[in-house]
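I opened this entry to look up the fold and the packing of one chain. My notes follow in the order in which I took them.

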Amino acid sequence: MWVVHAGLIIDLFASLLEGATLILFPIYALLVWYACLRWRRQLMGVAALLLGLALIGLLARLDIAVRQALHLPDNGPLFRFMLYAEAVIVALVGGLLVFLPPRKLAKVPCRRCGYELHGLDEANPTCPECGTEFAAIKVELAPCAGCGLQTPACIEGRTLCKACLPPVGVPAA
Ligand SMILES: [Zn+2]
Ligand SMILES: [Zn+2]
């Protein structure tokens with residue numbers, strides 16, 4: 001009777017494990033691949049891939065150890081076969097991702113979001129992507145001496161906004 005129960009529990013455990021691997025394996029692979037892509041062409045990306053593979057190897061060793069410790073029959077090399085298949089897939093795709101060229105850098109990146117500002121009308125525009133003012137170069141703002149509007153500070157002389165600035169060629173009063 002007890003043997004039957006134990007058999008049932010092991011069967012249940014095995015099917016639970018199978019169900020979990022169906023969900024966990026793809027999630028695990030995606031996590032490793034994300035790290036490869038995130039730190040591609042960097043030591044960190046290679047390290048993430050190696051760590052990802054090492055953990056799969058460790059799980060395979062653990063599977064053997066647990067079976068031996070519990071004197072379970074090694075009736076299912078299936079789990080280890082799935083682990084090895086997972087390792088191969090993770091290694092192949094991760095290896096490709098980690099060597100992808102890094103994202104092309106913008107000539108004139110936005111200070112906040114990195115959006116390409118090169119080619120826009122103004123030299124130091126408001127970023128069309130994230131709305132940061134003076135997105136190319138940080139500008140110290142000061143109130144305009146004429147109207148009080150926040151405007152790029154003038155290093156020499158009075159700070160004046162565009163509207164209060166005297167026309168070019170005419171000296172300020
Ligand atoms: Zn931006
Ligand atoms: Zn003004």
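**Notebook: contacts, shape, helix packing**

I began with contacts: of those in the chain with a separation of 6 or more, 34% join residues 24 or more positions apart. I note that the model is predicted.

Next I looked up burial. Of the 173 residues in the chain, 12% are buried.

I then listed the secondary structure. I found three helices and two strands. Along the sequence they run α-α-α-β-β. I checked the overall spread next. The radius of gyration is 31 Å, whereas the globule rule gives 16 Å for 173 residues, so the chain is more spread out than a compact globule. I also took the box along the principal axes: the C-alpha atoms fill roughly 105 × 35 × 20 Å.

I turned to the domains. Domain 1 covers 2–98 and domain 2 covers 105–165. Their C-alpha centres lie 52 Å apart.

Last, I looked at one helix pair. How do α2 and α3 pack? Helix α2 spans residues 43–69 and helix α3 spans residues 77–98. I read an angle of about 175° between them, with the axes 10 Å apart. Angles over 145 degrees count as roughly antiparallel, and α2 and α3 are therefore roughly antiparallel to each other.

I wrote down who makes the contact. From α2 come G45, V46, L49, G52, L53, I56, L59, A60 and D63. From α3 come F79, R80, L83, E86, A87, V90, A91, G94, G95 and V98. I sorted the residues of this contact by type: twelve are nonpolar, four polar and three charged.

Methods: Residues are numbered from 1 along each chain as its sequence is written. Chains are lettered from A and ligands numbered from 1 in the order in which they are written. This is a predicted model: local features need pLDDT of at least 70, side-chain atom pairs count only at pLDDT 80 or more; totals for chains, interfaces and linings use all residues. Axes are lines fitted to C-alpha atoms, for helices over the stretch in contact, and angles run from 0 to 180 degrees between N-to-C directions. Helices (H or I, at least four residues) and strands (E, at least two) are DSSP runs, numbered from the N terminus. Angles under 35 degrees count as roughly parallel, over 145 as roughly antiparallel, 65 to 115 as roughly perpendicular and the rest as oblique. Two residues are in contact if their C-beta atoms, placed from the backbone, lie within 7 Å. Ala, Val, Leu, Ile, Met, Phe, Trp, Tyr, Cys and Pro count as nonpolar, Asp, Glu, Lys and Arg as charged, and the others, Gly among them, as polar. Domain bounds come from an automatic or database domain assignment. The radius of gyration is taken over C-alpha atoms; the globule rule is 2.2 Å times the number of residues to the power 0.38. A residue is buried if 20 or more other C-beta atoms lie within 10 Å of its own, exposed if 12 or fewer, and partly exposed in between; C-beta atoms are placed from the backbone.
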